[in-house]
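Colleague: I am new to this protein and would like to learn how to read it. Could you walk me through its features?

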Amino acid sequence: NELETELFYRHNRGVTLTDKGKILLAYTEKIFRLIDEAKYELAEDDKPKGPLSIGSMETTAAVRLPKLLATFHREYPDVDLTLKTGPTNQHINDVLRYEVDGAFVAGPIEHPELACISVFEEELVLVTDTSVETLQSITDLKNRTILVFRKGCSYRARLEAWLHHEGIIPEKIMEFGTLDGIIGCVAAGLGVSLLPKSVVEKQMMNEQLLKHPIPDKFGKVITVFIYRKDGYMSAGLKKFIELLMENLFET
């Protein structure tokens, strides 16, 4: 009545939001988020505490983050830190929707609502089992199964872009939800994948995998840490970013 508009369609299965109702819902979510931020701001002291949610690509979480996360937990034990792994596109959306406080994703990222810190460069390599000592030609990949993360993964996008550039359409693509799943299946000879060199070298010590270089145009990617410019920055997130900056050259 106050807004002089219809917010719901009422029907025998319940109610459905109208277009105006959806607009009001978006503003309502912002209002409640601001209320929560005000409560945190007024209650928080200089000592970091409370929840902190960080997103990360699975490969980054496996190789680059353990030392950083262990140090942060040791220095700020009252922060309830959670790590959510997934593809880059998912984490960008999660940060924009305030579902995680920040995330490690593949760059470059240019978005007016996001702040971005470059943290390290990854070299991507083609990964095979040890029976494939050399690739005679890129066309060899046409008959091989490609093992990738689900849609939204930046490494998958690089591999598909490289194959498309070479005019290659792989016969079969298999999606996996975990890094261990991809590595295990590559080592068993099921197919090939594109992964950061840092991940592969960790596995090569056990003589499970072989790495093969790819063109620099597709083989270099910057990992960045993103967070909202307009979001409330808790003491925990501030300290996490400070620790990240201090350890940039040690990762």
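Modeller: We will go from the overall picture to single residues and charged pairs. This is a predicted model, where local features need pLDDT of at least 70, side-chain atom pairs count only at pLDDT 80 or more, and totals for chains, interfaces and linings use all residues. Residues are numbered from 1 along each chain as its sequence is written, and side-chain values use heavy atoms, with hydrogens and water left out.

Colleague: How many helices and strands does the protein have?

Modeller: Helices (H or I, at least four residues) and strands (E, at least two) are DSSP runs, numbered from the N terminus. Here there are 9 helices and 11 strands. The C-alpha trace spans about 70 × 50 × 30 Å along its principal axes.

Colleague: What percentage of the residues count as buried?

Modeller: Buried means under 20% relative accessible area, exposed over 50%, and partly exposed in between (1.4 Å probe, protein chains only). Of the 251 residues in this protein, 42% are buried.

Colleague: Which residues of helix α4 are buried?

Modeller: Helix α4 covers residues 88-96, and its buried residues are T88, H91, I92, D94, V95 and L96. To see what covers them, look for contacts, meaning heavy atoms within 4.5 Å. The cover includes strands β3 (50-56), β4 (79-85) and β5 (102-106), as well as helix α5 (154-165). Just after α4, Y98 takes a positive phi of about 65°.

Colleague: What does T59 touch?

Modeller: T59 is found in helix α2 (residues 58-63), and T59 is buried, with a relative accessible area of 4%. Leaving out residues up to four places away in sequence, T59 touches R64, F149, Y155, L179, L195, P196 and V199.

Colleague: Which residues make the nonpolar surface patch?

Modeller: Patches are made of residues with over 30% relative accessible area and no salt bridge; like charges are joined within 9 Å, and nonpolar side chains (Val, Leu, Ile, Met, Phe, Trp, Tyr) within 5 Å. In this model L3, I23, L24, Y27, I31, F32 and I35 make a nonpolar patch of about 690 Å². One of these residues, I35, is found in helix α1 (residues 19-43), and I35 is partly exposed at a relative accessible area of 39%.

Colleague: How many salt bridges are there?

Modeller: Side chains of opposite charge can pair when their charged atoms come close. A salt bridge is a side-chain nitrogen of Lys or Arg within 4 Å of a carboxyl oxygen of Asp or Glu, and the count by this rule is 13.

Colleague: Where do E175 and R156 lie?

Modeller: These two form a salt bridge, the closest N and O atoms of E175 and R156 being 2.7 Å apart. E175 lies in strand β8 (residues 172-176) and R156 in helix α5, so the pair ties together parts that are 19 residues apart in sequence. E175 is partly exposed, at 48% relative accessibility, whereas R156 is buried, at 7%.

Colleague: How many residues apart are E242 and K239?

Modeller: An α-helix has 3.6 residues a turn, so residues three or four places apart point the same way. E242 and K239 both lie in helix α9 (residues 235-246), 3 residues apart, about one turn of the helix. Their salt bridge has its closest N and O atoms 3.6 Å apart.

Colleague: Which residues are linked in a network of salt bridges?

Modeller: K84, D94, R97 and E99 are linked in that way, and D94 is also among the buried residues of α4.

Conventions
Areas by Shrake-Rupley, 256 points an atom, 1.4 Å probe, with all protein chains shown as cover.
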